[in-house]
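Please open the model in your viewer and keep the sequence panel beside it. The tour below moves from one selection to the next and says what is found at each stop.

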Amino acid sequence: MNSASATAPAPATRARDYKSDIKPIWCPGCGHFAVLSAVTKALAYLQLRKEDVAMISGIGCSSRLPAYVDSYGFHGVHGRALAVAQGLKAARPDLTVLVAGGDGDGFSIGGNHFLHACRRNMDMTYIAMDNEVYGMTKGQASPTTAPEWDRSKLTPHGTGVPRFRPAGIALAAGASFIARGFSGDPGGLTKLLVEAIGHRGFSFLHVLSPCLTFRPEHKEWKHQVHPCRQATTSNAAEAARLIQQDDGKGTGLLYVQELPVWQPGDGATADLTGFEAEFRV
Ligand SMILES: Cc1ncc(C[n+]2csc(CCOP(=O)(O)OP(=O)(O)O)c2C)c(N)n1
Ligand code: SF4
């Protein structure tokens, strides 16, 4: 190695360098492609080392995302991504932890973990790809499906149940960063992701990411999604008003606040030999 190359800075990592060799098997036009692209662009923008990033997910089409990113990853159990991610962050606070999943994974079976992850406020980013349907299991209603949607054989008269409102619930549960992006606006989504990763605490990024296979009518989202009509606030009461008055299609950073971050101390790295011996079968 000559002296010039010894002092030369390492070449910048490009977005495509963060893509794994596995080809996505999502349907053509699936919104999740744009989320994958935003993730790799955000990692490249921040020049994060692959070995310092871990992507965790549950189960669903959206939860396949970690397989397509060349970082550490864990494709886990349906609804348990946040539990796994928090365990990992407790043990390895040095890692940048990103969590990815769908509205079914995160708000139905994983709803309890979502609430407590918000209030625990560990330093990680949660990307919830909301297509208002269970895509992977072929089109059942999810918690964010409109009550009158009657295209699933399981709910031929609609669910009749009001929607789960992810941003409002995240705020009520104590999340310190709440943003909404749209897969039809990849530039805006990348920017929000960079901000979410940079925020110290639990960053909740709600992404409107259509499933054109089971909700083809969501092509219309491109005409319905709009920038949020009010400026970002750090006041929870103002954020509540903003989120309540919004039609659920307003994008941007809705709320950000510095709140105490929960990170266990030495306990996470304690010697567990005795404990493990006690449970050995
Ligand atoms: C414990 C458990 N319950 C149910 C399932 C079946 N299941 C797999 S994916 C899924 C829902 C996927 O929907 P969503 O999380 O919204 O992601 P999408 O596929 O729409 O991206 C369900 C119910 C499962 N795999 N494990
Ligand atoms: S079924 Fe829907 S969510 Fe799943 S890959 Fe196809 S378009 Fe995407």
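Begin by selecting Glu 132, which is buried, with a relative accessible area of 6%, where buried means under 20% relative accessible area, exposed over 50% and partly exposed in between, computed with a 1.4 Å probe on protein chains only. Glu 132 is placed in the loop between S4 and H6, and its phi is positive, about 60°, although the residue is not a glycine. Helices (H or I, at least four residues) and strands (E, at least two) are DSSP runs, numbered from the N terminus.

A word on the model before going further: it is predicted, so that local features need pLDDT of at least 70 and side-chain atom pairs count only at pLDDT 80 or more, while totals for chains, interfaces and linings use all residues. Residues are numbered from 1 along each chain as its sequence is written, chains are lettered from A and ligands numbered from 1 in the order in which they are written, and side-chain values use heavy atoms, with hydrogens and water left out.

Next, colour the strands. Eight of them form an open sheet in the order S2-S1-S3-S4-S6-S5-S8-S7, with mixed pairing, two strands being paired if DSSP finds at least two bridges between them. Strand S2 (72-75) and strand S7 (226-227) stand at the edges with a single partner strand each, so one side of each has no neighbour in the sheet. Then select strand S4 (residues 124-130) and strand S6 (residues 202-208), which run parallel and are joined by seven bridges; within S6, Val 207 is the bridge partner of Met 129.

Now show ligand 2 together with the residues around it, among them Trp 26, Cys 27, Cys 30, His 32, Cys 61 and Asn 131, where a residue is near a molecule or strand if one of its heavy atoms lies within 4 Å of it. Which classes make up the shell around ligand 2? The shell has seven nonpolar, four polar and no charged residues, counting Ala, Val, Leu, Ile, Met, Phe, Trp, Tyr, Cys and Pro as nonpolar, Asp, Glu, Lys and Arg as charged, and the others, Gly among them, as polar.

Move on to the loop between helix H2 (32-46) and strand S1 (53-57), where Leu 48 is found. Leaving out residues up to four places away in sequence, Leu 48 touches Tyr 18, Leu 43, Val 53, Thr 96 and Ile 197, contact meaning heavy atoms within 4.5 Å. The C-alpha atoms of Leu 48 and Thr 96 are separated by 8.5 Å, although the two residues are 48 places apart along the chain. Gln 47 also has its place in the loop between H2 and S1; its phi is near 50°, a positive value in a residue other than glycine, and at 37% relative accessibility Gln 47 counts as partly exposed.

For another loop, select Arg 80, between S2 and helix H3 (81-91). Arg 80 is partly exposed, with a relative accessible area of 33%, and, apart from neighbours within four places in sequence, is in contact with Ile 109 and His 113.

For the last stop, select Arg 163, Phe 164, Arg 165, Asp 247 and Gly 248, which lie nearest the centre of the largest pocket among its 17 lining residues. By class, this lining has five nonpolar, four polar and eight charged residues, and H6 supplies the largest share of it, three residues.

Key. 1 Å grid on protein atoms, 1.4 Å probe; cavity = no way out; pocket = protein on both sides within 12 Å on 5 of 7 lines; lining within 4 Å.
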